[in-house]
Number of protein chains: 2
Amino acid sequence: MNIGLDMMGGDFSPLEAVKGIQLYLREAGPATLWLIGDEGQIGPLLQEHRIPAASVRVVHADQIIDMNEHPTRALKEKPQSSIAIGFHLLASGKMDAFISAGNTGAMLVGALYSLKPIEGIHRPTISTVIPKENGGTGVLLDVGLNADCKPENLNQFAILGSLYASCILGIEEPRVGLLNIGEEEGKGNILAQAAYPLLAANPHIRFIGNIEGRDLLLDKADVMVCEGFTGNIILKLAESLFDISLRHRIESEYFDRFDFEYYGGTPLLGVTKPVIIGHGISRERSFLNMLRLAQKMLETDLLGKMRESFLS
Amino acid sequence: MNIGLDMMGGDFSPLEAVKGIQLYLREAGPATLWLIGDEGQIGPLLQEHRIPAASVRVVHADQIIDMNEHPTRALKEKPQSSIAIGFHLLASGKMDAFISAGNTGAMLVGALYSLKPIEGIHRPTISTVIPKENGGTGVLLDVGLNADCKPENLNQFAILGSLYASCILGIEEPRVGLLNIGEEEGKGNILAQAAYPLLAANPHIRFIGNIEGRDLLLDKADVMVCEGFTGNIILKLAESLFDISLRHRIESEYFDRFDFEYYGGTPLLGVTKPVIIGHGISRERSFLNMLRLAQKMLETDLLGKMRESFLS
């Protein structure tokens, strides 16, 4: 199992990435890690943190794509950047997964250009985990990649989210809810009205009907589907709740779970290889969790299961 | 000033409505209150709570529209219901405002059928106040009346919300933000992309650009505009935060402000008379606050200002 990691992406790289790698190896993570970035910076850090040379392969990258660069332009102008090299190694089959906490746009553009969507999938998607009040975890998608959607897109997100929930979150027969503004069929905006019958007729999922904003944090649906506009607003609002709970010194085990660093990163679902996009503010725990997530996606053959679902 | 109150609407009516009236009169609220409902139930409660007969006028209503009835059908089949009579008295000019914590759909349908939109307004809207982390208050609209919107609708909501923020919340030159998924112009879904230039060119408002989900609770924009789908999801998510903070015994002055009972009810903005729709779970404090809100809408001539804005 070969997992690639962009060592230059994120505000605290490469140091925090190296610390995450150390944690991963300490818990005997089985993957060989391909570390892509500036050898001059990475080498000494690996030594300092006593990373065994046998567990990693350093791939030198001359260039870095900054957080604020224009994604398409940056990828074109910087073929020697860690992100561009990462996707090259991923697409050519040398690596099995690729992780970066760098420029999100460049990661998305790189993935969509260098990898294909899984056959039958119209629109790859990004998701977030949602901490449920009862201690469980749900998944919400799309959270921003697809600002405008067609009904069939939501229907496909439901399949991708269900497989993610069962393989990664360990939820058996995950319940799928359509995020909507009203409980009964026929309620909602034009998109939700049209998506409902598709979801209800979808044999790959366990559709439980509409869920409302008040149900997002409750134990009602495990997989919650919506277009990326609403999903992104919810994600960023949820992230801000954690910041607020810190600033107001609200001591709550529940709101502690809104620390999205805990969940590592966001996988891009629907492309042929695992691609995980981390927060710019990722620290060691995030890098560790992204490595774990990539490993789990490979071990459970999540992508093979997605391929199968869309074949039939 | 004649303010009408549906005495039969809400889970705890008419008792909690009477208690709210008592609080309103105790603070010397100047309005004459028209109390619409079952005289047999209301009369004894008014006596018991020593409501002076000179401050109120009881209007008997034979019928009640239940919380779960189909709005249009119920209004048609129950012309003697408190909601139907309320709108009749409002439209005929006997009352200046109408409040109910009853069937929300019936209140909306009743208002839209019996009152006209203010000239020039395409789509009346409902809003919610949003407690800001810094202690301030913002207004978010639309929160569910208009699930699908055109760019010009958002532009009109911005004007209505700005006038509401200045007249009712006392915010001078309120900052208007377009809720979106990205900061720069050109980001977002098709609707937001098209709404941005309209808002930027609107001389009636102080547009500050896009705001994101993370900015909703921060002191960034006072008036936050979006279509009713996203707005409703946010509203119900925010309401659920208060319930969660209670259940988890989270002691926080900030989350206490997510008790939407505190704000009373939601005004329907864009029609020719003040109409306020309360939560089904309204108790005395909600009724008090809805009476105060109706009074303030009349005192500040909010609707006159809306009319003026849309004339020019």
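These are my notebook entries on a predicted model with chains A and B.

**Confidence**
I began with the scores of the predictor. Chain A averages a pLDDT of 95, and 100% of its residues score at least 70. For the complex I noted an ipTM of 0.93 and a pTM of 0.94.

**Interface**
Next I looked up how chain A meets chain B. On the chain A side 35 residues are in contact, and they touch 35 residues of chain B. Between the two chains about 3,300 Å² is buried, and carbon and sulfur atoms give 71% of that area. I also looked for charged pairs across this interface and found 4 salt bridges. I wrote down a salt bridge of Arg247(A) with Glu133(B), where the closest N and O atoms are 2.8 Å apart.

**Salt bridges overall**
How many salt bridges does the structure hold over all chains? The count is 24. I then picked out a pair with both partners in chain A, Asp222(A) and Arg175(A), whose side chains meet at 2.9 Å, N to O.

**Cavities**
The largest cavity holds about 40 Å³. Which residues line the largest cavity? From chain A there is Leu237(A); from chain B there are Ile130(B), Leu216(B), Leu217(B), Ile234(B), Ala238(B), Leu241(B) and Phe258(B). Helix H8 (residues 228-247) of chain B gives the largest share of this lining, 3 residues. By class I count 8 nonpolar residues in the lining, no polar and no charged ones.

**Backbone**
Last I went through the backbone angles. In chain A, the peptide bond from Leu141(A) to Asp142(A) is cis, with omega near 0°. Asp142(A) is in the loop between strand E6 (137-141) and helix H6 (151-167). In chain B, Ser13(B) and Pro14(B) are joined by a cis peptide bond with omega about 0°. I placed Pro14(B) in the loop between strand E1 (2-6) and helix H1 (15-26) of chain B. I also noted Glu173(A), which is not a glycine but has a positive phi of about 45°. Glu173(A) lies in the loop between H6 and E7 of chain A.

Terms used. Residues are numbered from 1 along each chain as its sequence is written. Chains are lettered from A and ligands numbered from 1 in the order in which they are written. This is a predicted model: local features need pLDDT of at least 70, side-chain atom pairs count only at pLDDT 80 or more; totals for chains, interfaces and linings use all residues. Side-chain values use heavy atoms; hydrogens and water are left out. On a 1 Å grid over the protein atoms alone, a cavity is a set of points where a 1.4 Å probe fits but cannot get out, and a pocket is an open set with protein on both sides within 12 Å along at least five of seven lines; lining residues have an atom within 4 Å of a point. Grid points are joined across faces, edges and corners, and a volume is the space filled by probe spheres set on the points. Helices (H or I, at least four residues) and strands (E, at least two) are DSSP runs, numbered from the N terminus. Ala, Val, Leu, Ile, Met, Phe, Trp, Tyr, Cys and Pro count as nonpolar, Asp, Glu, Lys and Arg as charged, and the others, Gly among them, as polar. pLDDT is the predictor's confidence in each residue, from 0 to 100. Contact means heavy atoms within 4.5 Å. Buried area is the accessible area (1.4 Å probe) that two parts lose on being put together, summed over both.
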